[in-house]
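Please keep the sequence and the coordinates in view while reading.

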Amino acid sequence: MTAGGRYPGSCEVCSGYWVTYAPAAQPVAIGESIEYMAEVRRCRFCGAYWEVGAFSFPQVISRAHALKQLPDLDARESVHGIGFPDPPEVPGS
Ligand SMILES: [Zn+2]
């Protein structure tokens, strides 16, 4: 279990990305939701889903939430050919 600091449900790599913007730590862009006006990204290290909104701070979301935004989530992820780990539990989801 990893402590995500101010981003519970994420690992230090992807939560640290929003501080360092190191390219290697950048969560993989899965797709954009027009309806939510947000981009869904996923960490290749811990599998956490991120919602990066046009007008809000990045936040960790559950897989169920990511599926609502991108119903074709599985197809979009398989394009990347990355064996994402199962995402950590997101507190409060
Ligand atoms: Zn991570």
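In what sense do strand S3 and S4 pair, and over how many bridges? The model is predicted, and in this model strand S3 (residues 49-53) is joined to S4 in the antiparallel sense over 3 bridges. Both strands belong to an open sheet of 4 strands.

**Sheet layout**
- The order of the open sheet is S1-S2-S3-S4, and its pairing is antiparallel.
- Strand S1 (28-33) and strand S4 (59-61) form the edges, each pairing on one side only.
- On average, neighbouring strands of this sheet are turned by 35° against each other, direction ignored.
- In a regular strand, side chains alternate between the two faces of the sheet.

**Strands S2 and S3**
- Strand S2 (residues 38-42) pairs with S3 in the antiparallel sense over 5 bridges.
- Within this part of the sheet, Glu-39 stands opposite Val-52 in S3.
- S2 and S3 make up a hairpin with 6 residues between them.
- Gly-47, which lies in the turn of that hairpin, has a positive phi of about 85°.

**Strands S3 and S4**
- A hairpin is also formed by S3 and S4, with 5 residues between them.
- Glu-51 has Gln-59 in S4 as its bridge partner.

- Helix H3 spans residues 73-80, and of its 8 residues the number buried is 0, so the helix lies largely in the open.
- Buried here requires 20 or more other C-beta atoms within 10 Å of a residue's own.

Definitions and conventions:
Residues numbered from 1 in each chain as written. Predicted model: local features only at pLDDT ≥ 70, side-chain atom pairs only at ≥ 80, totals over all residues. Buried ≥ 20, exposed ≤ 12 C-beta atoms within 10 Å, placed from the backbone. Helix = DSSP H or I, 4+ residues; strand = E, 2+ residues; numbered from the N terminus. Pairing = 2+ DSSP bridges. Axes fitted to C-alpha atoms, helices over the stretch in contact; angles between N-to-C directions.
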